[in-house]
Amino acid sequence: MNDMNPAQPLLELKGLEKRFELDRGFLETIKFRSGKIVRERREVHAVNNISLNVERGEALCVVGESGCGKSTVARLIAGLLTPSGGEIHYEGERIDNRSRHAMMPLRKKMQMIFQNPYASLNPRMTIQQALEEPVRYHNPEMSKSDVLEKVATVMRSVGVDPSWAKRYPHEFSGGQRQRIAIARALTVDPEFIIADEPISALDVSIQAQVLNLMLEAKNQRGLTYLFITHDLSVVQHFGTRVAVLYLGSVCELADTATLFENPKHPYTKALLSAVPQLKDDHPNHIRLKGEIPTPINLPQGCPFESRCAYANDRCRVEQPRPLQQADGSIVACHAVEEDRLES
Amino acid sequence: MSTLETIPPPSLWVRLWDSNMGYSFRRNPVAVVSLIIFVAVALMAIFAPLVAPFDPYDPAQIDIMNSEYPPIWIEGADPSFLFGTDDQGRDLWSTILYGTRLSLLIGLCAVALQAFLGITIGLIAGYVGGRLDSLLMRLADIQLSFSTLMVAIIFLAVTQAMFGSETFNQYAIYFLIVVIGVAEWPQYARTVRATVLAEKKKEYVDGARVLGFGPLRIMVRHILPNSMSPIFVISTVQVANAIISEASLSFLGLGMPPSQPSLGSLISSGFDYIFSGSWWITAIPGVVLVVLVLVINLLGDWMRDVLNPKSFKG
Amino acid sequence: MTLLSVRDLTVKFATRDSSVTALNRISFDLAKGERLGIVGESGAGKSITGFSLMNLLSRPGFIDNGTILFQGDDIVKMSESQMRSIRGNQMAMIFQDPMVTLNPVLTIGQQMVETLRAHRKLSQKEAEQIAIVKLREVYIPSPEDRLGQYPHELSGGMRQRIVIAIALLLDPQLIIADEPTTALDVTIQADIMELLLELCQSNKVGLILITHDLGVVSQMTERTLVMYAGKIIEAGRTREIINDPQHPYTQGLINALPQQTQPGNPLKQIPGNMPSLAAIPNGCAFNPRCEYALDHCRTTAPEIVQYAHVEVACHEVSRLHSDKSEERSA
C-alpha cells in the first residue's frame, strides 16, 4: 500500500501494540479462584493494533477519552515506552528497537511537549540552564556565544523575554511555563513534534495564546505535529487530519473537515454531539449507554460494542477492520460497512 | 509581566531570608536558639587550639599532680582550670573542646560516607528499577536488620585484636568513620529511592529522556537536585545518631583511646571516679554531648516541618 | 422570591505581613429555582465565592466585609452549629473531584444514611429507602446493590452521580456545583450536565454553577456572572452575554474559543496573563490586557452599571459599542 505513495510518510505506525502487566512479580500472579489456586496474569491493553501514517507538514490530531490509549501512543513514538508488538518507522527506518545511542540523531528531529507545565520543567534549573542544556548536549562543538545567541533567539521566537532567563520556573504562570517548555523542545530545531495535551491544563485565554504559538511555529519552521487532545474544538481548528481512538483502537481516521461534516462511526457521532455548543440552545446530544469499559481483558468483538446502539451479533464476536470509505475516511465499524446506520 | 522585568533577581542570601524556610526559621525561637548553640559549639570545637588554654595532647603540659581538681565554682578548685581536671591532670575544658572536635569530625565524616553510599545506591535502585532495585533494597534490609552497634562492636573488636591496641588506637578515627558510615547507608538509600520513584514519574524527566540525555545526566543533573529536601532532613538526624554511636563505642572502649579522648571516651574515663566524688569528669562532657545532640535533633525537626509538605501546618 | 442575596462580599487572605483581596465587593441575587453561572479563569475568585457561600473558607482566608442573606438570614454572622444545620440540608455543594466528597472507607449506603440521619429523625430502614429513591432519581442502575459498594468500585461518572444524589438527599434549596464535570470525559460530562439540569428544573432547586467552560454555562444557566481578578465585571442573562458580550474581557474570552475562528487562522487571543492576587493593577484590573484602555482606566476602578441588556464594569463600554456598530456597518 505504501509503495503507491510517491512521497514517503514521515512517521509510520504498523500494527502498534502496548500491553501493561498489572501483576508484577511471581507472587502477585497467584490467584485463588473457585477453590483452586491458579496462576493468572492480568494485562491492560492500552494500544491495540494501531496503524497510522503521519505525512510531512501535517498536524495529525489523536482524540479520545481518558483511557483510550492516546497518551500511550505518544509515549511509544517518543521512545519513552517500548511497544509490545508492531513497528514504528521514521522516514522509512525502523526506530522502535534502537538503543539510546542509535536514537540520538533522531532526538534532534523529534521532540515532545507535555501536558502539565507545572511538572515538565525542572524546578531547580533556571530558564537559561533549561534551554542551554539541550543545545550544548546536542552541539558540543558550538561556542559559548553561539549557544547564548541560539537560546536568546528561541526565547524571543516563543514570546519569552530573554531578560527573564535567570529566573526559576515557579516564578512564571502556567502559560509562560508552557511557552518555555515549547522553547526547550525547539532549541534542537526539530521537524516533528509530539504534543501530549499541551493546552488542556491552561486557562481559556492562555490556550489561545499557546495554540497560536504552535501554529506560528508550524508555519515558520515547517513543523509536523502529532497532537494528542480530548478537546474537539481544538482539533477542528488545529488538525489537518483526525484519528479517533476508543479503547486503544482507531475507530475513525479522516480529514478534519470530512470528519466534522460527516462523522461515520457511531462513537465519533456521539463524541461530536457531546461537545457543549455556545449558541445552540437545544443540542441533540446522542446518549451513550454505560461507560467506557476497563481495558483489562478486552471484549472479543468490537471494543465499542457494549455502548453502541447499532451493535448486533456480528459486532459481539468479530473485530471490525478499518475500511476506506468513498470520501477517503477510514472507519472500523461493521454497521458502517453493512450500511445499517440511518444518517 | 512588567513587574518581572523591572526587579533584578535578588542575591542568594536575600532569597534564602525571604523564602518560606527563612520566614519559618525567623518565626521559630526553638530553631533559632538551636542554631545559635550549634554554631557556637561547632566554632569553639573547630578553633579548639585557639580557644583552649591547654593542649591536652601535649604531655609536657600535663602534670599528674593537678589531677581531679573540681570545677572553679566548687571549693578546693584551682582557678586556672575552668571545669577542673581529670584523673590524669588534664584541663577538662580544653579536653572537652578537643573531644567535641573529634566527635563532630567523626560524626560529619561518617554521615558524608553514609550519604555518598546511600545516595548512589538509592539513585541507581530508584532510577533503574527492576531486579537491580530488588537486589539493592534486599541488601539494605539485611544491613538494617543488624543493629549498628552490634556490627560496629564485632568489627572494631576484631580489628583491635588483629592489629593490636597500639596500631588500632593510631587509626581508631578512620575505623570509626568507616564502620559508622557503612552501617547506616540504608537509611539514605531508602529515602533517596522513594523520592527518586516519585520524581521519575514527573514530566520533566520524560522531557530529558526525549531530549536524548543519558541516565547518568538525568540522575545527577535532574533528579538528584529535586530530591535534596529529604536528604537534608535525614542528614541532621544521622549526624546526631553518628555522634551518639561514636560516643557509645568509645564508652565501651572500642573507639577513641584515652590519650586522644572524644566526648565518649572522656565520659568513659571519668566513669571510674564518679563514686569517689569526681563526678564532673563524666557529667560535664555528658551534658555537652546531650546538648549537642539535642540541638541537632531540634534543627532536624524544624527542617522536617518546613520541607515536608505532608506535615505542613496550614 | 429571592433565595440568596449577596451584598458587597469581600474576602481576604492573610499573608505573612498583610493580606490580599481575593473577592472585591461582590453583589448578586439568586431567585428561588434560578440557575446562575459563575465564569472565570483560575485566580478569578469563582471557587472562593462558592466556598464563602457555604461559609467553608478556611484560614488564611476570611470574610472581611459584606452580607450573604440566605432566605433572609445572614450566613456571615452564623455560628458554626447554625451553619451546619443549613449546610447539606438547605444548601449542598458538588466538587470537581467526587473522590474528595466521598469517604473512601465507607460504603455508599453508610454515607447516605449518615447524612440523612444527621439532619432528620429517621430509622435506618427509612433512611435507606430514601437513599434508594434518590439513587434512582440520578439513574443509577440497581441502586439496592450500590448501597453496599465502596466509592473505588465505581467509575468516575457513577461516582459523580452519587455525589449529586447525596447533594439532593435532604431536598436542598440551593446546589453549588464547582466545576462538577471537569474531571470527567466529554460523553459522560454531557450526561451529568443533562441530569443536573433536569433535577434542578423538576425539583425547583437553585443552582450556582462555577465553571471555566462557556459552552456549559450557555446550556445550563439562565443568568451568568463573569469574574476577573476577584470582581464581577459583567452580569446578565446568559443568552445576552454569550450573544452580545459588553466587557472587553468577556468578548476576548468568547472570541478566543477555537470555534470562533476559521480553521488554520490564528485565534483571537487576549494578550498577557491574569494578574496574581498580590499584584492586581490599579484602576480597572483588566487594563494592561485591554486594547481599549485609556488613562482613567489605569487610575480609577469602574463601577458596575447597566448597559444595553447587561450590567457591566467598564469605563469605555459605550465607545466600544459604537466602534463595533461602525465595524458592522462598514
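Q: What makes strand β10 (residues 231–237) of chain C largely enclosed by the rest of the structure?
A: Six of its seven residues are buried, so the strand is largely enclosed. A residue is called buried if 20 or more other C-beta atoms lie within 10 Å of its own, with C-beta atoms placed from the backbone. Strands such as this one are DSSP runs of E with at least two residues, helices are runs of H or I with at least four, and both are numbered from the N terminus.

This is a predicted model, in which local features need pLDDT of at least 70, side-chain atom pairs count only at pLDDT 80 or more, and totals for chains, interfaces and linings use all residues. Residues are numbered from 1 along each chain as its sequence is written, and chains are lettered from A and ligands numbered from 1 in the order in which they are written.

Q: How do you know that β9 (residues 223–228) of chain C pairs with β10(C)?
A: Two strands pair if DSSP finds at least two bridges between them. β9(C) and β10(C) have six bridges, in the antiparallel sense, and Val226(C) stands opposite Glu234(C). Their hairpin has two residues between the strands, and Ala229(C) takes a positive phi near 50°.

Q: What joins β10(C) to strand β12 (residues 310–312) of chain C?
A: Two bridges join these antiparallel strands, which meets the cut-off of at least two for pairing. Here Ala235(C) stands opposite Glu311(C).

Q: Why are β8 (110–113) and β13 (323–324) of chain A said to stand at the edges?
A: The open sheet of eight strands in chain A has the order β8-β9-β10-β5-β11-β12-β14-β13, with mixed pairing. β8(A) and β13(A) each have a single partner strand, so one side of each is left without a neighbour in the sheet.

Q: What makes the group that includes Leu226(A) and Ile175(C) a nonpolar core?
A: The term means a set of buried Ala, Val, Leu, Ile, Met, Phe, Trp, Tyr and Cys residues joined through C-beta atoms within 7 Å. The largest such core has 252 residues, and Leu226(A) and Ile175(C) have the most contacts inside it. Helix α6 (residues 92–128) of chain B gives the most to this core, with 16 residues.

Q: Which residues does Ile175(C) touch, not counting those up to four places away in sequence?
A: Among them are Ala92(C), Ile94(C) and Leu207(C). Two residues are in contact if their C-beta atoms, placed from the backbone, lie within 7 Å.

Terms used. Buried ≥ 20, exposed ≤ 12 C-beta atoms within 10 Å, placed from the backbone.
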